Amino acid sequence: MREYTQTKWIFAILIMILPIFIYLIGEKSEITYAEQNPDEVEIIVQYKTDADSDEINIHGDKNIKELEKITVKKEELEETLEKLQMQDHVLYVEEDVSVEIHGQPNDMYYSEQWYIGAIGADEAWKKSSVADETITVAVIDTGVDANHVDLKGKVLAGYNFLENNTNTADVNGHGTAVAGIIAAIYNNQVGISGITGDAEVQILPLKVAGNDGKGKVSDMVEAIFYAMEYGVDVINISMGTSNYSTILEDAIESATSKDIVVVASAGNDGTSEKEYPASYPSVISVGSVSKKNTLSTFSNYNEQVDFVAPGESILTTSPNDLLKYYNGTSFSSAVVSGAAAYILATDPTMSSDILINKLEETATDLGPTGKDQQYGYGLINLARAVTEQKAAAIPEKYKELESLKINGNDFYLQIKFTTGIDSVSINEDTVFILDEYGEKIDVQYQFESNNEKVNVITDPVNYKMGKSYYLFVDQGVKSNKGRALNQPIVIQFMWDEEAGTLMLNQEFGLEVLEKIDGQ
């Protein structure tokens, strides 16, 4: 670029032709900020002023340099920026990007919602964006007050399984409290904010419990199938029974097989007793913690607990436009359901398996290292769940498949998983080795570290120098909680007899599946 040493008459000519230049690259139509075409962007141009000017404004400062805003098509942005920057009379040029206030929701009692910050929901709102798609959460409970000022417009027409009608009014208040934690209207100057913030989340109220808070398993089963047919994304069940029910478990399994996330409260007896549906393998079981992240005295604990979430002094909605403080794992469950709904709002295509794995990987470990009976995987961390990019399938990464291990006359391939694996799911149909002709190699299996490591054992006579072999891990492999891989894994390897090691091809992809299956 030439230095700004042009004579004043040349500068005057440049200024005269500037309106023509702007007309050529700009848009003639007037578009307000709110109505801006998504295919267009705006550019800020700051022009040079006469460096010799002594003109002073009324504040005693040099005049502010002139700014011009120009609208261009997105595909022309870089070219336009480059052309403008080359002009002698242009000082700076850049895209006019958005800014936002560094504040918090204006809901009147937001400051009383300690649980929002405890799980990082406020940080999640700042660091992520939500899609336009609506996420639906079924609240199987005592009904919901759809006319509550902080829920109005958020509650769908549901069903009352006690009276077989559509009256889902909530006299008890429990269901309304749960719904408010999940989806109370954000930033509306009244009440509180739901965990889902400004995401498009709606509540489907399915009433299975009466004014006394009691109901029947049969109604809960019907409600689950109703939710499935409706096409919900998340089901929250903040109630349960200590009596195991095969029929209820079957309904739950049907829902999770449809990629629905099912969350339930662990129970409020303060014992290791199992409550259902929370203790079914495919359900996210949630316990309660205090403001100090200690297990609530009332919270049940056992090996089926997956996570903990705030469950004490939870301010939320109550019928007749009221707010109340509640205690119990019911409300911890609602916190997790809200978190799950928000994660889906950031990525509506995400499978339930990947979502659950994200929650497991990003939870804040509170008890002994790893999963334990009191805290499960730990306190959910919504901020980490929506910002951290980690492997979503059960295997951590291809590189976690370790090199060959030699033990006596046997060769070991060790697969490391992020969670304990159901040993019954490891068999010749789910984990196997094929040679380059598609023939299976005889293998045996050995488990280590609470089934988080699986050794695939073979006889070295099966391998030949310079030949390719393929280790397959099929989607039939399941965790101890019944969750499957989101996609099959295949690794190509070769035996290097001289080096005494197994050579892994880390770049090898899933395309080998068709090749091998076709031979």
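**View 1. The whole protein, shown as a predicted model.** Start by getting your bearings: the protein has 11 helices and 21 strands. Of its 519 residues, 49% count as buried. The accessible surface comes to about 25,700 Å², and carbon and sulfur atoms account for 48% of that. Look also at how the chain meets itself: among contacts between residues at least 6 apart in sequence, 69% join residues at least 24 apart.

**View 2. Three residues listed as "active site" in UniProt.** The unreviewed UniProt entry gives D141, H174 and S330 under this name. They are spread over 190 residues of sequence, yet they cluster in space, with a largest C-alpha distance of 10.1 Å.

View 3. Is S330 buried or exposed? With a relative accessible area of 7%, S330 counts as buried because that value is under 20%. Leaving aside residues up to four places away in sequence, S330 touches H174, V178, S238 and S265. With one of these, H174, the side chain of S330 makes a polar contact of 3.0 Å.

**View 4. A close look at D141.** You will find D141 in strand 4, made of residues 135-141. Its relative accessible area is 1%, so D141 is buried. Not counting residues up to four places away in sequence, D141 touches several others, among them H174, V178 and S238.

Definitions and conventions: Residues numbered from 1 in each chain as written. Predicted model: local features only at pLDDT ≥ 70, side-chain atom pairs only at ≥ 80, totals over all residues. Heavy atoms only, no water. UniProt positions renumbered as here; feature names shortened; annotations may be inferred. Helix = DSSP H or I, 4+ residues; strand = E, 2+ residues; numbered from the N terminus. Buried < 20%, exposed > 50% of the residue type's maximum accessible area, 1.4 Å probe, protein only. Contact = heavy atoms within 4.5 Å. Polar contact = N/O pair within 3.5 Å; in protein donor to acceptor, adjacent residues only side chain to side chain. Areas by Shrake-Rupley, 256 points an atom, 1.4 Å probe, with all protein chains shown as cover.
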